[in-house]
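Here is a brief report on one protein model. Have the sequence and the structure open as you read.

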Amino acid sequence: MRRMWVTRFAPSPTGYLHLGHVASAMAGWKYARPDGQWLVRMEDIDPQRCKPFYADALLEDLAWLGLRSDGPVLYQSARMAHYAHTVQTLTEMGVMYPCFCTRSDILRDNADMFSAPHAAPDGSLLYPGTCRHMAPAQRQDWLAAGRPHVLRLDMGKAVLLASTQKKEPLHYHDLQRGRVICQPELFGDVVLARRDVPASYHLCVTHDDAAQGITLVTRGDDLRPATDLHCLLQALMDWPTPHYAFHALLCGADGKRLAKRDGAKAVRAMRDAGMSPEAVRAAAGFEA
């Protein structure tokens with residue numbers, strides 16, 4: 001019997017819809033059809049890069065392709081209070097701490113600890129835990145003085161707490177690979193609340209997958225490592241862990257991933273050139 005999946009497409013509105021987006025959107029769409037739900041979420045927590053104009057354009061181009069959300073479109077920018085509540089909950093659990101380090105501080109401390117800069121599985125610089133060891137009195141003084149800081153997850157404490165709560169190895173189910181054991185500790189003490197935005201991508205996406213009742217997350221292979229971290233947050237917050245399905249990234253003739261920053265062709269430019277929705281979907285790897 002076919003399972004009725006609830007999937008989602010969650011772009012950041014920083015530019016127009018392009019073929020890479022279409023491939024990602026269709027990956028979730030095909031699993032949701034014919035009896036499930038395909039939802040759209042705008043991951044617009046960055047006010048400097050995300051614009052309402054692009055969000056409207058994304059929805060317009062999706063509709064032209066025949067892709068309409070099966071429920072209300074969720075805008076993360078309207079949900080900051082929800083994310084703040086989750087940050088507060090994690091803080092009360094004792095698995096968060098303020099970090100006052102700048103990027104240059106982290107680069108220096110990382111170099112001091114290791115022979116070469118160490119990176120997390122997603123390519124980000126591994127934080128050496130400097131502020132985790134700060135004296136409580138100094139921490140309180142700097143907070144009281146209003147010193148800029150981010151909030152980091154104390155990975156060691158978080159993994160221990162999650163394993164205690166779950167009483168089994170942290171894992172998720174990959175539709176292609178089966179049961180996958182997670183290793184979130186490879187990410188180190190990740191940032192969950194930034195200076196400019198009160199929540200990070202990792203926290204927001206995990207929070208909203210639970211809030212929207214997502215049962216199957218479809219995502220590109222580049223986000224496979226981050227799934228381990230997301231499963232840790234799900235365990236800590238007692239949110240359900242959805243199933244996952246990963247798809248290959250759509251690449252151009254040069255073999256590089258199609259992305260806005262690399263000049264990927266916008267769907268509306270294809271529309272203006274006379275291409276049909278069926279032709280655009282086929283160009284993204286999905287036949288009509």
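How far apart should the ends of helix H3 (residues 80-92) be, at 1.5 Å a residue? This is a predicted model. The 13 residues of H3 should span 18 Å, and the end C-alpha atoms are 18 Å apart, so the two values agree.

Tyr-83, Thr-86, Val-87 and Leu-90 are buried in H3. These residues cover an arc of only 100° around the axis, which means that they lie on the same side of H3. Turned away from that buried side is a face with the exposed residues Ala-81, His-85 and Glu-92. Just after H3 comes Gly-94, with a positive phi of about 85°.

**What covers the buried side**

Both strands and helices contribute to the cover over the buried residues of H3. The table gives elements that are included in it.

| Element | Residues |
|---|---|
| strand S4 | 96-99 |
| strand S5 | 150-153 |
| strand S8 | 191-193 |
| helix H7 | 201-211 |
| helix H8 | 226-237 |

**The whole protein**

The protein has 10 helices and 10 strands. Its radius of gyration is 20 Å, close to the 19 Å that the globule rule gives for 288 residues, so the protein is as compact as a globular protein of that length. The C-alpha trace spans about 65 × 40 × 40 Å along its principal axes.

Of the 288 residues, 46% count as buried. The protein exposes about 14,100 Å², and carbon and sulfur atoms supply 54% of that area. Take the contacts between residues at least 6 apart in sequence: 80% of them join residues at least 24 apart.

Terms used
Residues are numbered from 1 along each chain as its sequence is written. This is a predicted model: local features need pLDDT of at least 70, side-chain atom pairs count only at pLDDT 80 or more; totals for chains, interfaces and linings use all residues. Side-chain values use heavy atoms; hydrogens and water are left out. Helices (H or I, at least four residues) and strands (E, at least two) are DSSP runs, numbered from the N terminus. The expected span of a helix is 1.5 Å times one less than its number of residues. Buried means under 20% relative accessible area, exposed over 50%, partly exposed in between (1.4 Å probe, protein chains only). The arc is that of the directions from the helix axis to the C-beta atoms. Contact means heavy atoms within 4.5 Å. The radius of gyration is taken over C-alpha atoms; the globule rule is 2.2 Å times the number of residues to the power 0.38. Accessible areas come from the Shrake-Rupley method with a 1.4 Å probe; for residues, only the protein chains shown count as cover.
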